[in-house]
Amino acid sequence: DTATANALDDYEEGDWTPTYDTSGSSGSITVNAYNVQYGKYVKIGKVVYVEGVLRGNVTNNSNGTYDLGGLPFTVANTPNASGILHGKEQSSWTVAPDHFSCISNTTRARARGGLTVGDNAYTNANTSGFNSGSATNNRVYIAGWYRVEG
């Protein structure tokens, strides 16, 4: 279809740098070093598709919440419908998150869910789940989408 209403007027591809982040949460963690921080995105209109991997040495400092930070665009201010990033693979956690729920009007997604296989079951956003001691711990491969304003 070549109608003007169906024209693609906003398409972008690029890189982003994921982080473990407690700036907007109740948790407290210390990232001693990242071994891998890699992300790619594709933005089509108001939807951003992201994928990436994050691996690092994190010290457990509290039992509060934490986020995956550094998303390439601000999440739309649409409560309960802004997107999800799936933890498609995890490795070397004490307990690992299943997914990250995008937080409206930020560039973060909160750790959520719990795995029933592999690493131990996860309580929503519990920073005590980090396996400290090595830069190759706490590896998560993510893929998902979220909405942006515009």
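**A first look at the fold**

Guide: Read along the sequence, this predicted model's protein chain runs β-β-β-β-β-β-β-β-β, where strands are DSSP runs of E with at least two residues, and helices are runs of H or I with at least four, both numbered from the N terminus. Residues are numbered from 1 along each chain as its sequence is written. As the model is predicted, local features need pLDDT of at least 70 and side-chain atom pairs count only at pLDDT 80 or more, while totals for chains, interfaces and linings use all residues, and side-chain values use heavy atoms, with hydrogens and water left out.

Visitor: How many helices and strands does the chain come to?

Guide: The protein chain has zero helices and nine strands.

Visitor: Where does Ile142 lie?

Guide: Ile142 belongs to strand 9, which covers residues 139-147.

Visitor: And is Ile142 buried or exposed?

Guide: Ile142 counts as buried because its relative accessibility is 3%, buried being under 20% relative accessible area, exposed over 50% and partly exposed in between, with a 1.4 Å probe and protein chains only.

Visitor: What is it in contact with, leaving aside neighbours within four places in sequence?

Guide: The contacts of Ile142 (heavy atoms within 4.5 Å) include Trp16, Val50, Leu68, His86 and Phe100. His86 is 56 residues away from Ile142 along the chain, yet their C-alpha atoms are separated by 5.4 Å.

Visitor: Switching topic, where does Tyr49 lie, and how exposed is it?

Guide: Tyr49 lies in strand 4, residues 47-60, and is partly exposed because its relative accessible area is 43%.

Visitor: What share of the whole chain counts as buried?

Guide: Of the 150 residues in the protein chain, 43% count as buried.
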